[in-house]
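Good morning, and thank you for coming. Please look at the structure on the screen while I describe its sheet, its helices and its metal site.

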Amino acid sequence: MISGAEPSVKLSRGFLRVSVKEKVESAVIKQLLDCWYAEKALQHFSVSFERCWSAFEKQGLPRPNLKVRTMKTRWGSLSSKGNLALNLALIRAPRECIDYVMTHELCHLVHSNHELGFY
Ligand SMILES: [Zn+2]
């Protein structure tokens, strides 16, 4: 933790550097780190989305809104309102696994359940 700067989080040479204006509670540091982590996850998931979306876009399907959420029991979800959410923890998985979950959720644009047609 470094004092005297605008609140920020930076990854440098394998270390996370958290800067704050003054001494703060550890909960504030955790909140800064959680925000940074979610931001980075959204960046990576957006790249995955673009890789996977092209095959679905050609079918004229509605483009979902990508979200990052903390989930306890699922890797992802697609709501009827068109929100495609991926579990924040998925950021620790290899790219292929992120694309797999992304594709799975995008398939729900066509088949809402896991019926035979879904697979
Ligand atoms: Zn599913």
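Contact here means heavy atoms within 4.5 Å. Helices (H or I, at least four residues) and strands (E, at least two) are DSSP runs, numbered from the N terminus. This is a predicted model, in which local features need pLDDT of at least 70 and side-chain atom pairs count only at pLDDT 80 or more, while totals for chains, interfaces and linings use all residues. Residues are numbered from 1 along each chain as its sequence is written, and side-chain values use heavy atoms, without hydrogens and water.

Let us begin with the sheet. Three strands make up an open sheet with mixed pairing, in the order β4-β6-β5; two strands pair if DSSP finds at least two bridges between them. At the edges lie β4 (65–69) and β5 (76–78), each pairing on one side only. Strands β4 and β6 (residues 83–87) run parallel, joined by five bridges. Arg-69 stands opposite Asn-87 in β6.

Next, the helices. Helix α1 (residues 26–57) lies across β4 and β6, at about 140° to β4. Axes are lines fitted to C-alpha atoms, for helices over the stretch in contact, and angles run from 0 to 180 degrees between N-to-C directions.

Finally, which residues coordinate the zinc ion? They are His-104 (NE2), His-108 (NE2) and His-114 (NE2), at 1.9 to 2.0 Å. Donors are N, O and S atoms within 2.8 Å of the metal (3.2 Å for Na, K and Ca); water is not among the atoms, so sites may look incomplete. Along the chain, the zinc donors follow the spacing H-x3-H-x5-H.
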